[in-house]
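The sequence and the structure are shown first, and the description follows.

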Amino acid sequence: MTWETVIGLEVHVQLATRSKMFCGCSAAFGGPSNTNVCPVCLGLPGALPVANLEAVRLATRAALGLEFTVHPKSFFARKNYFYPDLPKGYQISQFDRPLATNGRLLIKSPDRGDVTIGMARLHLEEDAGKSVHDLIPGRSAVDFNRSGVPLAEIVSDPDLRSPPEARAYLVALKQLLQYLDVSDCSMEEGHLRVDANLSVRPQGDPALGIKQEVKNMNSFAAVERALEQLRDCQIRLLEGNGSVELTTFSAATGELRVMRTKEESHDYRYFPEPDLPPLTLADAWIDAEGKALPELPAAKRARLQEEYGIRPYDAEVLSATRDVADYFEAVIAAGGEPQSATNWVMGAVLRDAKESNGALRVHPHRLAVLMDMVATSVLSNQAAKRVFAELTSTTEQPEDVAERLGLLQVSDAGQISAWIDSVLESRPAEVARFRNGETKLIEFFIGKVMQESEGKADPKRVKEILSDKLEAMK
Ligand SMILES: [Zn+2]
C-alpha cells in the first residue's frame with residue numbers, strides 16, 4: 001500500500017519585546033536565575049496582568065505578513081494545568097477567539113515545487129518558567145526569568161506532506177519572521193520552538209489517520225529526523241495490522257521517547273481570562289501596521305530578477321536575509337554592475353559573512369570601488385580577491401591596499417613590451433617553433449610574461465602586444 005504522510009506544525013516564536021507579556025520585567029535571555037521577576041510573572045495573589053502593546057503589535061505584524069485575517073476583537077483565556085514552572089497554575093493564552101485566523105505561506109517544497117501552506121491561527125500567549133534538572137544533584141530548580149515572556153503561536157493546517165517539506169516550511173517561516181523583525185528566531189536561545197504532529201493514511205483516503213505529536217527538537221534537521229522516525233514507525237505498525245495511538249513524544253535526546261498519551265484540549269479547562277479585557281484593535285491601526293510591512297522575501301526575489309536581470313537561484317540566495325539583499329542593492333547603488341555585484345556578493349562577501357558570524361564587513365561602497373578597479377583593468381580578478389580579503393580587516397581604501405600589496409596592474413605599453421622582449425629573447429627555441437606554425441604557443445608566452453611581471457601585467461594588453469610582435473616576426 002502507498003501511504004500518504006500528513007504533517008501539521010505548531011511554532012512558538014518569542015516576540016522581540018524588551019519587557020514581558022503582562023508585566024514590566026525584562027524579557028532578556030540569559031540573566032542570573034530569578035532576577036527578572038515580579039508579583040505578576042511569579043503569579044502572586046492579587047497581581048494583575050496588563051497586556052504589552054509592543055507584543056500585540058509584533059504579533060499583528062507577523063499575522064499580516066503571513067496573510068492572516070487579523071481580528072479587531074480577540075480574547076485572552078486561561079489554559080489550566082499544573083507544573084512547577086507555571087506558578088499561577090495556568091498560562092494566559094488565547095483559545096476560541098485568537099488574534100488571527102486563516103493565514104498562508106508560499107514555500108518551495110523539495111517534493112512538490114511551489115506550494116501554499118494554510119495556517120489555521122496565530123495567537124498571543126505567555127511563556128512558562130524553566131525547570132532546571134542538572135543544577136542541584138537529586139533536585140530540580142525553577143528559573144522564572146522566562147515566565148511571562150511574550151510568544152506568538154503559529155499553527156499550520158495539516159497541509160505538509162513529507163518531513164523535508166516540513167523543514168522547508170520552517171525555513172520559509174523563519175525567514176519571513178526575520179524579515180518582519182518580529183523575532184530573532186534564535187533556536188539556541190529557544191526563541192523559536194516547534195511542535196510537530198504527523199499521521200499517515202492510505203494514499204487517496206480523505207479521512208485523516210490518528211496523529212502523534214513530537215516536541216523538544218532543537219533544530220530544523222532534528223524536526224525532519226523526528227518526523228521521519230514517526231512516519232516510518234506508524235507505517236510499520238499499520239502494515240503489521242497494529243494501530244497508532246494518540247501519543248506525545250519528546251525528541252530531546254535525538255531518540256523519540258514517550259512523554260504522555262495526549263490530553264485533549266478540554267483537559268486544560270480553558271476559560272476566559274477574567275483579569276484582562278478583550279483585546280480590541282482599531283481597524284485603522286491594523287491597516288497602518290499592514291502598510292508599514294517591509295518588502296517580503298517572495299516580492300524581493302521577483303523584483304531582484306526583474307530589476308537587475310539576475311537568475312532565480314541568485315535572487316533566492318541574495319534575498320536570504322534583508323541585510324544581504326540591502327547590501328547587494330547598496331553595491332549597485334554605489335556604481336557596481338549588477339552581474340558582477342551578484343558574483344561578488346554570492347562569492348567573497350557571503351564567504352566572509354560565514355566566517356564573521358554574519359557580519360558584512362566590507363562597506364558596499366568600498367566593494368564597488370574594488371569592482372571598478374577590475375572593470376578598468378587596474379586590478380586583475382585574482383588580485384582583487386586578495387585586496388578584498390584585506391579589506392575585511394582594515395579601514396583602508398581599496399586603491400591603497402592594492403598599492404601597498406604591489407598588486408596594481410601594469411598596462412603601460414612600454415613596460416609590457418620590455419617584459420615581452422625579455423621573454424622572447426630568452427626562448428629562441430619556442431619562438432622558432434611558433435614561427436613554424438605552432439601558434440598555440442602564444443599561451444605559453446603569455447604565461448611567461450605574466451611570470452616575468454610578477455603577475456602585475458594586464459593580461460589583455462600582454463596578449464595584444466605579444467600578438468603584434470609575434471606576427472611581425474613571421
Ligand atoms: Zn514580572
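Apart from its neighbours within four places in sequence, Ala196 is in contact with Ile7, Leu9, Ala166, Val214, Val223, Ala226 and Leu227. Two residues are in contact if their C-beta atoms, placed from the backbone, lie within 7 Å. The model is a predicted one, in which local features need pLDDT of at least 70, side-chain atom pairs count only at pLDDT 80 or more, and totals for chains, interfaces and linings use all residues. Residues are numbered from 1 along each chain as its sequence is written.

**Nonpolar cores**

Ala196 is also among the residues with the most contacts inside the largest nonpolar core, together with Ala59, Ala62, Ala63, Leu122 and Tyr169; this core has 62 residues. A nonpolar core is a set of buried Ala, Val, Leu, Ile, Met, Phe, Trp, Tyr and Cys residues joined through C-beta atoms within 7 Å. A residue is buried if 20 or more other C-beta atoms lie within 10 Å of its own, exposed if 12 or fewer, and partly exposed in between. Among the elements that give two or more residues to the core are strand E1 (3-14), helix H1 (53-65), strand E7 (113-126), helix H2 (163-179), strand E11 (192-202) and helix H3 (220-239). The largest share, 7 residues, comes from H1. Helices (H or I, at least four residues) and strands (E, at least two) are DSSP runs, numbered from the N terminus. A second, separate core of 28 residues includes Leu318, Tyr327, Ala341 and Leu367. In soluble globular proteins, nonpolar side chains tend to be buried together.

**Domains**

The domain assignment gives domain 1 (3-287), domain 2 (309-404) and domain 3 (413-473). Such bounds come from an automatic or database domain assignment. Between the C-alpha centres of domain 2 and domain 3 there are 33 Å.

**Helix packing**

Two helix pairs are compared in the table. Axes are lines fitted to C-alpha atoms, for helices over the stretch in contact, and angles run from 0 to 180 degrees between N-to-C directions.

| Helix pair | Axis distance | Angle |
|---|---|---|
| H7 and H9 (residues 364-375) | within 8 Å | roughly 50° |
| H12 (residues 413-426) and H14 (residues 441-452) | 9 Å | about 120° |

H12 is therefore oblique to H14, and H7 and H9 are likewise oblique to each other. Angles under 35 degrees count as roughly parallel, over 145 as roughly antiparallel, 65 to 115 as roughly perpendicular and the rest as oblique. The crossing of H7 and H9 is right-handed, and H12 passes H14 in a right-handed crossing. A crossing is left-handed if the near helix is turned anticlockwise from the far one by less than a right angle, and right-handed if clockwise.

In the second pair, the contact involves Trp419, Ile420, Ser422 and Val423 of H12 with Phe445, Lys448, Val449 and Glu452 of H14.

**Individual residues**

Arg322 belongs to helix H7 (residues 322-333). Because 18 other C-beta atoms lie within 10 Å, Arg322 is partly exposed. Beyond its neighbours within four places in sequence, Arg322 contacts Tyr179 and Pro294. Arg322 and Pro294 are 28 residues apart in sequence, and their C-alpha atoms are 9.5 Å apart in space.

Asp184 is found in the loop between H2 and E11. With 14 C-beta neighbours inside 10 Å, Asp184 counts as partly exposed. Its contacts, leaving aside residues within four places in sequence, are Ala16 and His191. Asp184 and Ala432 are separated by 248 residues in sequence and by 68 Å in space, C-alpha to C-alpha.

Ser411 is placed in the loop between helix H11 (398-404) and H12. It is partly exposed, with 16 other C-beta atoms within 10 Å. Not counting residues up to four places away in sequence, Ser411 touches Ser377, Asp458 and Arg461.

Most residues other than glycine have a negative phi. Asn241, however, has a positive phi, near 65°. Asn241 lies in the loop between H3 and strand E13 (248-250) and is exposed, with 6 other C-beta atoms within 10 Å. Phi of Arg269 is positive as well, near 50°. Arg269 sits in the loop between strand E14 (257-260) and strand E15 (271-272), and its 11 C-beta neighbours inside 10 Å make it exposed.
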